[in-house]
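Student: I have a model open and would like to learn how to read it. Could you walk me through a few features?

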Amino acid sequence: MSLKYDLESITSHTVANTTGEGRGNAGGIALRNFCIAIDSTMYVKTGVIMRQNLEEKFDIPVKFLVITHYHGDHIFGIKPFKDICVLSSDLTSKIMTNGETRSRYADFIKGLEDEGPMGEGIEYIVPTLLFKDKLTIQDEDLHIEIYHTGGHTAGSSFIFFPHEKVVFAGDLIFENTFPYAGDPTCDPELLIDALKQMQVINADIYIPGHGPIMKGAGSLDRHVKFYNEFKTIIKDAIRDKTATEKISIPDTFGEPDEGRKNMTVNHWLNFYKKK
Ligand SMILES: [Zn+2]
């Protein structure tokens, strides 16, 4: 059976795959003369199909690949976009080029390769065009805005397409699943600020880094509430010296994956202990 990686039409200029088949969600925006791909999935195989589908659907070339953050499930499929401009925030690139990430990801890539054919051919590719706070890409009357916010990771960024009021949030949003907020560079305060910034933009559609698409700024309310409640729980636990395993988290997103929960709880404890 041949591999499929379909892109769902979200609006007339926007497509995305939110099925989890490429692990991290990915998609694209068509301007007038070229497309912008957003995130590359975790696999070269899905990255290849994604690019083909974008070019076939809109009948224009993909000119840019925007990377929302450095996590493997969003960047390991970059190889088929190697010939075009791959861009990210300055901080995403800094994290990707440091020795610690390089060696950790070399092991991660080796592990995926050993798991079977899906993980074959991954190349660790670092973005070529970097921006600091905000970048606009324009083409005739259409443009996209990319905002660096930090939060989920120090380099995390989101993309806004004003013409159709669509936001690609990367992992600043996990929909319907307990979020991973345990990256060593995760800043809980910036994460909450980023969610608020995306609410102020008041988009019609938000495409999260994981999970299904969300409609309207109100759909972010429970995410902001979840993180604020979680923050209070963590601060109380520090004050009361509660044992880590006794810390209970808000059940907004159901039963969490144990590993993901522990990494997140531990990271937030360390973060607020230092505050
Ligand atoms: Zn992530």
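Student: Is threonine 14 buried or exposed, and why?

Tutor: Before that, a note on the source: this is a predicted model, where local features need pLDDT of at least 70, side-chain atom pairs count only at pLDDT 80 or more, and totals for chains, interfaces and linings use all residues. Residues are numbered from 1 along each chain as its sequence is written, and side-chain values use heavy atoms, with hydrogens and water left out. Buried means under 20% relative accessible area, exposed over 50%, and partly exposed in between (1.4 Å probe, protein chains only). Threonine 14 is buried because its relative accessibility is 0%.

Student: Which residues does threonine 14 touch?

Tutor: Contact means heavy atoms within 4.5 Å. Leaving out residues up to four places away in sequence, the partners of threonine 14 include Phe58, Phe161 and Ile207.

Student: Which protein donors does the zinc ion have?

Tutor: Donors are N, O and S atoms within 2.8 Å of the metal (3.2 Å for Na, K and Ca); water is not among the atoms, so sites may look incomplete. Here they are His69 (NE2), His71 (ND1), His152 (NE2) and Asp171 (OD), 2.1 to 2.2 Å from the zinc ion. Their sequence spacing reads H-x1-H-x80-H-x18-D.

Student: Are histidine 71 and histidine 152 buried or exposed?

Tutor: Histidine 71 is buried, at a relative accessible area of 9%. Histidine 152 is buried as well, with 1% relative accessibility.
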